[in-house]
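Visitor: Could you take me through one part of this model up close, starting with a charged pair and how open its side chains are?

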Amino acid sequence: MSAADRPIFVIQKHAASSLHYDFRLEIDGVLVSWAVPKGPSTDPRVKRLAVRTEDHPLDYADFEGKIPKGEYGAGAVIVWDRGPYRNLMAEKKDALDMAQSLEAGHVEVWLEGEKLQGGFALIHAEPGGDEKNWLLVKIKDAEADARRNPVGTEPDSILSGKSVKDVAAGKDE
Ligand code: MN
């Protein structure tokens with residue numbers, strides 16, 4: 001399978017009324033999405049809240065720019081990380097495809113981004129809480145690293161090098 005045929009993930013850093021990271025996975029032709037207020041961690045001991053949000057069209061994966069005032073999500077968006085991913089649940093005994101993993105509330109993917117690599121799990125929170133709440137956790141593997149903090153040390157766009165502040169200010173370069 002060539003790189004172009006593989007499904008992608010994208011993480012958009014979004015300075016809306018509160019800053020968050022929109023984690024999106026291409027599944028069956030759409031970007032299934034979660035808003036992660038603190039962004040992903042490469043430390044497998046750290047669980048990050050990931051709130052399921054609306055699916056987005058695939059071509060939104062390239063979007064970087066300003067959502068105008070008055071519109072939902074008004075504020076600057078940059079592409080913080082992106083790349084192909086692999087469904088790790090398909091390699092287990094039950095061999096779940098991505099739609100089945102979502103339905104089961106347990107997604108495991110291998111990311112090949114510029115900032116994030118290796119396995120990440122999205123786990124639907126226990127019943128009784130908010131139905132939209134999931135947890136994003138780094139899987140313990142060779143790419144796990146408790147000392148890295150890419151959200152803090154690599155804050156800018158992988159596409160343009162811009163920060164969310166640059167985009168908010170309308171800077172071209
Ligand atoms: Mn958002």
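Guide: Let's start with Arg52, which is partly exposed at 26% relative accessibility (buried is under 20% relative accessible area, exposed over 50%, partly exposed in between, with a 1.4 Å probe and protein chains only). Its partner in a salt bridge is Asp55, with the closest N and O atoms 3.9 Å apart; the term covers a side-chain nitrogen of Lys or Arg within 4 Å of a carboxyl oxygen of Asp or Glu. Asp55 is partly exposed too, at 41%. Bear in mind that this is a predicted model, where local features need pLDDT of at least 70, side-chain atom pairs count only at pLDDT 80 or more, and totals for chains, interfaces and linings use all residues. Numbering runs from 1 along each chain as its sequence is written, and side-chain values use heavy atoms, leaving out hydrogens and water.

Now for another pair: Asp43 and Arg45 meet in a salt bridge at 3.0 Å, N to O. Here Asp43 is buried, with a relative accessible area of 9%, whereas Arg45 is exposed at 66%. Then there's Glu91, bridged to Arg86 with the closest N and O atoms 2.7 Å apart; Arg86 is partly exposed, at 35% relative accessibility. The salt bridge count comes to 10. As for the background, side chains of opposite charge can pair when their charged atoms come close.
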